[in-house]
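Hi everyone, thanks for coming. I'd like to walk you through one protein model today, so please have a look at it with me.

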Amino acid sequence: AGSMVAEQLKLLGVTSLGLVAGAIGLVLLGGVFLRILHKFSPEAVSMILPYAVSMVFIGLLQSLAYWVLASRWAKVSFLYGGLGLVYVPLLFWFGKTPALLLNTMLLASGGAFVVILTAWIISLKKHHAPAENTANA
């Protein structure tokens, strides 16, 4: 079980690197893309970073959610769904402008990632405990 967890953690690490690389690319090349699309403005450029970081958090959330669903961890799955139900109204409530929407996405997706990651780690330890610990439980 330990090697399986290690392999899954490696996969999560590769996913994280891919998401971060994409975000860095978007931040570095965002101005170029905006110029190509004839949408360049200081306001648009200022929205790239919160968007890119939000996408990293959302991608990591999805990655953890796939694992949770595949592992049949119902409690964490329901937590993920509940956070999703809170996320959308938050965006409607606080996202009155594009900049506020992106900042809300950043805070909400980052907060949801911390919550799901914590629940995931707790479940991982619970479900993949060494055999000697489960025998005493």
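Predicted model: local features only at pLDDT ≥ 70, side-chain atom pairs only at ≥ 80, totals over all residues.

Residues are numbered from 1 along each chain as its sequence is written, and side-chain values use heavy atoms, with hydrogens and water left out.

So, the overall fold. The protein has 6 helices and 0 strands; helices here are DSSP runs of H or I with at least four residues, strands are runs of E with at least two, and both are numbered from the N terminus. Its radius of gyration is 18 Å, well over the 14 Å that the globule rule gives for 137 residues, so the protein is more spread out than a compact globule. That radius is taken over C-alpha atoms, and the rule is 2.2 Å times the number of residues to the power 0.38. Along the principal axes, the C-alpha atoms fill a box of roughly 65 × 30 × 15 Å.

How much of the protein is buried? Buried residues make up 27% of the 137, where buried means under 20% relative accessible area, exposed over 50%, and partly exposed in between, with a 1.4 Å probe and protein chains only. Of the contacts with a separation of 6 or more, 70% join residues 24 or more positions apart; contact means heavy atoms within 4.5 Å.

Now the inside. The largest nonpolar core has 18 residues, and Leu64, Trp73, Trp120 and Leu124 have the most contacts inside it. By nonpolar core I mean buried Ala, Val, Leu, Ile, Met, Phe, Trp, Tyr and Cys residues joined through side-chain atoms within 4.5 Å. Helices H1 (2-36), H3 (48-71) and H5 (98-127) each supply at least two of its residues, and H3 gives the most, with 7. Leaving aside residues up to four places away in sequence, tryptophan 120 touches Leu9, Leu12, Leu64, Trp67, Val68 and Trp73. There is also a second, separate core of 5 residues, including Tyr87 and Met105.

Next, the helix pair. H4 (residues 74-94) and H5 pack at an angle of about 170°, with their axes 10 Å apart. Those axes are lines fitted to C-alpha atoms over the stretch in contact, and angles run from 0 to 180 degrees between N-to-C directions. The two helices are therefore roughly antiparallel, the term for angles over 145 degrees. On the H4 side, the residues that meet H5 include Leu83 and Phe94, while Ala108 and Ile116 are among those in H5. This contact divides into 16 nonpolar, 3 polar and no charged residues.

Finally, some single residues. Histidine 38, in the loop between H1 and helix H2 (42-46), has a positive phi of about 60° although it is not a glycine. Is histidine 38 buried or exposed? Histidine 38 is exposed, at 72% relative accessible area. Arginine 72, in the loop between H3 and H4, has a positive phi near 60° as well, and arginine 72 is exposed at 75%. Threonine 15, in helix H1, is partly exposed at 27%.

Definitions and conventions
Parallel < 35°, antiparallel > 145°, perpendicular 65-115°, else oblique. Nonpolar A, V, L, I, M, F, W, Y, C, P; charged D, E, K, R; others polar.
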